[in-house]
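Hi there,

Have a look first, then read on.

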Amino acid sequence: MKTRVAVIGGGASGLTAAITAAREGAEVTLLERGHLLGRKILASGAGRCNLTNSKILPEHYHCGQKNFVKEALARFKAREILAFFSNLGLLTVEEPDGRIFPRCDKAAAVLDVLKAELERLSVKVLLLTDAAAIRPIKEGFLVQTQPGPAPWQKTQADPQSAGEFRFDRVILACGGTSYPALGAGEKAYDLAKSLGHSVTPPSPALVPLCVKDHAWKHLQGLRLQAAIQVFSQGRVISRSQGEVLFTDYGLSGPVVLDVSREAVLALRQGAVQGSLNLFPEFSPPGLKSMLLARWAAKAQRPLKDFFLGIFPSQLAGAINDTLGIDSSRTLDSLGNDVLTRLISLVSDWRFEISGARPWSEAMATAGGVDTLEVDPKTFESRKVPGLFLTGEMLDVDGDSGGFNLHFAWASGLSAGAAAAKYGKYEKA
Ligand SMILES: Cc1cc2nc3c(=O)[nH]c(=O)nc-3n(C[C@H](O)[C@H](O)[C@H](O)COP(=O)(O)OP(=O)(O)OC[C@H]3O[C@@H](n4cnc5c(N)ncnc54)[C@H](O)[C@@H]3O)c2cc1C
């Protein structure tokens, strides 16, 4: 008889888990509480799906257990994930920074090849089917389900969506707390907790940051290259360099998302400051001599023209407003202390981080099921034999750049293959 595997959650990790389990000969049922599979895949990478990265390294991940990610991804670098997708027919391209996208630039292409493979393997898919409770029994598990939340009147739950089903193995691939509109929520952790797992409290990661009393109100929508540092209790806790996006509430953009997890965690302990360097490509002496020479060359010109050709006028205006100096004054009428203050501002523009945007704008979840309780090779629970946990619901989150989807695909592939292996975990 075939091993009956339930995969709970039709996101990135659930889809790869279902595919490998079925390829290994299991009879697979995929339960998804939403009305569609792979909703986060479709939204990922702004609809382009940054599915992995050519530089998959443990330092791009954050996890409560130091070696978990290293062991978990030992067999899965970009090459293995790309081979999996290439085998499904997906063509991909790598960008100069290592991020990898489908060649057609459409996230839907990634989901399409996964769904076609599910169909080819005759995986049974139950949409609008919410796994409400899981009970280990002598020979496997009883999964109790209820209809998932229908998004509109016409969408009907599968008639089989409410009931109690018996499975030999269960893979929990329920995602994290980020983007509740795409199926996430803390309720999924209750399933893991009900089975004896501990959950590190989730907090938003890869999330834009709110800044207190900033001078950037008129800069909304402006993007530029900068370096950012985050300070807590007088020390640097996170730094990154790349594109920053100014917003009405504060800051967003890839580098801000990357430092956000540490900022959000530090805010629990007290005040958190940030610093922007608008000239990250210059050394401090190099910047000083460049701006000194420019100051001398433009001595007869007004302060408002000093950054012409370097920054857009609204940013130059915000710099002058912050310095609090009449910008129509010529440079030679201003003392050297103004130049010193100006250099300090553009290379170390301090601000106070007041919080983060809500879960509905966080692209990842820091925290989740404690990885000490999960085998990094198979993703099997160390608490409940035959139960597997994958993807974002684990206490693992990656930097922006394709690292989160990579972990989701990889954990699903490992768990699906292990879950399908009949006999290994037979209970007494
Ligand atoms: C807007 C956005 C853009 C992103 N872009 C990228 C990107 O470009 N690159 C990248 O690497 N990462 C990106 N991410 C992160 C990435 O999408 C996630 O890390 C990844 O999708 C997690 O996969 P998962 O399978 O663990 O969870 P999910 O994809 O969240 O899937 C979990 C599924 O489980 C279902 N579910 C939950 N509970 C139950 C239940 N009780 N019963 C049945 N079903 C249930 C949910 O409805 C959901 O469909 C992005 C995230 C967001 C929100």
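Let's begin with the strands: strand 5 and strand 6 (residues 99-102) run antiparallel and are joined by three bridges. Strands here are DSSP runs (E, at least two residues), helices are H or I runs of at least four, and both are numbered from the N terminus. Opposite Val-93 you will find Phe-101 in strand 6.

Before going further, please note that the model is predicted: local features need pLDDT of at least 70, side-chain atom pairs count only at pLDDT 80 or more, and totals for chains, interfaces and linings use all residues. Residues are numbered from 1 along each chain as its sequence is written.

Now to the ligand. A shell of 37 residues surrounds the ligand, and the closest are Gly-9, Gly-11, Gly-175, Gly-183 and Gly-391 (a residue is near if its C-beta atom, placed from the backbone, lies within 6 Å). Helix 1 (12-23), helix 2 (39-43), strand 8 (129-137) and helix 11 (403-420) each supply at least two residues of this shell. Helix 11 gives the largest share, four residues.

Happy exploring!

Technical notes: Two strands pair if DSSP finds at least two bridges between them.
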